[in-house]
Amino acid sequence: MLDFAEVSGQHVVKRACETAVSGMHNLLLIGPPGAGKTMIAKRIPTILPDLDDREQMELTKIYSVSGNLVEQNGLIKRRPFRAPHHTVSPHGLAGGGVLPKPGEISLAHKGVLFLDELPEFSPNTLEILRQPMEEKRVRLVRLQGTYEYPADFMLVAAMNPCRCGYYPDMQRCRCSQSAIERYLGRISQPLIDRIDICVEAAALAFRALNGAAKEECSADIRRRVVQAHEIQRERYREETFCYNSQIPAARIREYCGLSGEQEARMERLYTSLGLTARTYHKILKVARTLADMDGEDKIGDCHLNEAVCYRSLDKKFWERP
């Protein structure tokens with residue numbers, strides 16, 4: 001069985017994964033080939049909490065409509081991990097057909113949609129993700145009627161920073177600047193803005209690969225995730241949402257309040273980092289999750305700093321001087 005204990009080093013990436021699952025935030029892993037991006041992503045299901053009864057029924061209905069329930073052998077009790085190939089069509093991702101059925105987005109409901117080698121997906125296919133990531137549902141309009149499917153999923157994506165995989169290490173990167181920009185340009189800025197956490201999976205040093213240090217197992221990480229989820233469920237028990245990633249913009253100040261000094265600092269960062277309203281709100285939501293992981297009622301400076309770091313990395317790759 002897969003376990004995070006099998007992953008050597010990459011503690012920053014593991015921390016980002018725990019944070020993402022704790023608040024059900026979208027996550028992007030970027031780094032050179034062989035850094036362990038796919039290996040780590042495939043272990044995310046091992047730290048996901050169990051489905052409750054209502055979620056099991058929702059998911060089972062989706063799989064029944066899609067014709068996939070037989071292979072699931074009855075009621076679905078585990079959160080799905082869907083990993084479609086980059087050749088998937090827009091209909092395969094969103095759903096459709098002569099007799100419309102749910103696509104991969106809806107089959108990942110209450111679980112993870114993993115897109116490996118993200119820039120290899122068709123840009124038209126990727127743009128389909130934008131609306132479901134915001135609204136948590138897929139709406140298909142056909143001649144015979146309108147169909148709507150749930151799509152409350154956590155997006156996890158992995159990619160190389162260029163076609164050869166080694167940018168910005170110009171000692172190893174063989175790509176021209178224009179080739180790098182074309183490759184990264186396959187991921188639109190509106191889609192990047194919808195990703196809460198972007199973290200770099202750096203190449204492993206030999207010492208980390210062959211170190212004697214014992215790595216933390218999935219069971220230990222999962223226990224902390226469950227605690228963070230319980231904090232959020234209690235906080236939002238009267239709301240229509242359950243996780244920090246789902247806080248509506250109108251409720252951000254209520255649940256992600258900052259001190260005057262913190263607000264002044266974020267105002268400066270808003271300009272210097274070129275943030276949008278959406279990315280600013282995502283920083284606050286991630287900071288709220290980090291505070292929950294520490295069992296803190298208020299967002300501290302350390303939580304805000306870490307959340308800003310998770311939104312700064314995309315500037316390293318997508319922002320041209």
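Glu117 is partly exposed, its relative accessible area being 29% (buried means under 20%, exposed over 50%, and partly exposed in between, with a 1.4 Å probe and protein chains only). This residue belongs to the loop between strand 5 and helix 7 (123–127); helices (H or I, at least four residues) and strands (E, at least two) are DSSP runs numbered from the N terminus. The phi angle of Glu117 is near 55 degrees, a positive value in a residue other than glycine.

The model is predicted, so that local features need pLDDT of at least 70 and side-chain atom pairs count only at pLDDT 80 or more, whereas totals for chains, interfaces and linings use all residues. Residues are numbered from 1 along each chain as its sequence is written, and side-chain values use heavy atoms, with hydrogens and water left out.

Lys110 also has a positive phi in a residue other than glycine, here near 65 degrees. Its loop runs between helix 6 (104–107) and strand 5 (112–116). Lys110 counts as buried because its relative accessibility is 10%. Another backbone feature is the cis peptide bond joining Tyr167 and Pro168, with omega about 10 degrees. Pro168 is found in the loop between strand 8 (154–159) and helix 9 (177–184).

The helix pairs come next. Two packed helices are described by the angle between their axes and the distance between the axes. For helix 14 (residues 260–272) and helix 16 (residues 301–318), the axes come within 12 Å and cross at roughly 15 degrees. Here axes are lines fitted to C-alpha atoms, for helices over the stretch in contact, and angles run from 0 to 180 degrees between N-to-C directions. The two helices are therefore roughly parallel to each other (angles under 35 degrees count as roughly parallel, over 145 as roughly antiparallel, 65 to 115 as roughly perpendicular, and the rest as oblique). In helix 14, Gln262, Arg265, Met266 and Leu269 meet Asp301, Leu304, Asn305 and Val308 of helix 16, where contact means heavy atoms within 4.5 Å. By class, this contact has 4 nonpolar, 2 polar and 2 charged residues; Ala, Val, Leu, Ile, Met, Phe, Trp, Tyr, Cys and Pro count as nonpolar, Asp, Glu, Lys and Arg as charged, and the others, Gly among them, as polar.

Helix 15 and helix 16 have axes 8 Å apart and pack at an angle of about 135 degrees. Helix 15 is therefore oblique to helix 16. The residues of their contact divide into 10 nonpolar, 2 polar and 2 charged.

Tyr310 lies in helix 16 and is buried, with a relative accessible area of 6%. Leaving aside neighbours within four places in sequence, Tyr310 is in contact with Arg15, Ala16, Thr19, Asp196, Ile197, Cys198 and Val286.

In soluble globular proteins, nonpolar side chains tend to be buried together. The largest nonpolar core has 52 residues, of which Leu27, Ile44, Val156, Met266 and Leu304 touch the most other members; such a core is a set of buried Ala, Val, Leu, Ile, Met, Phe, Trp, Tyr and Cys residues joined through side-chain atoms within 4.5 Å. Helix 15 (residues 277–293) gives the most to this core, with 8 residues. A second, separate core of 37 residues includes Met159, Cys198, Leu313 and Trp318.
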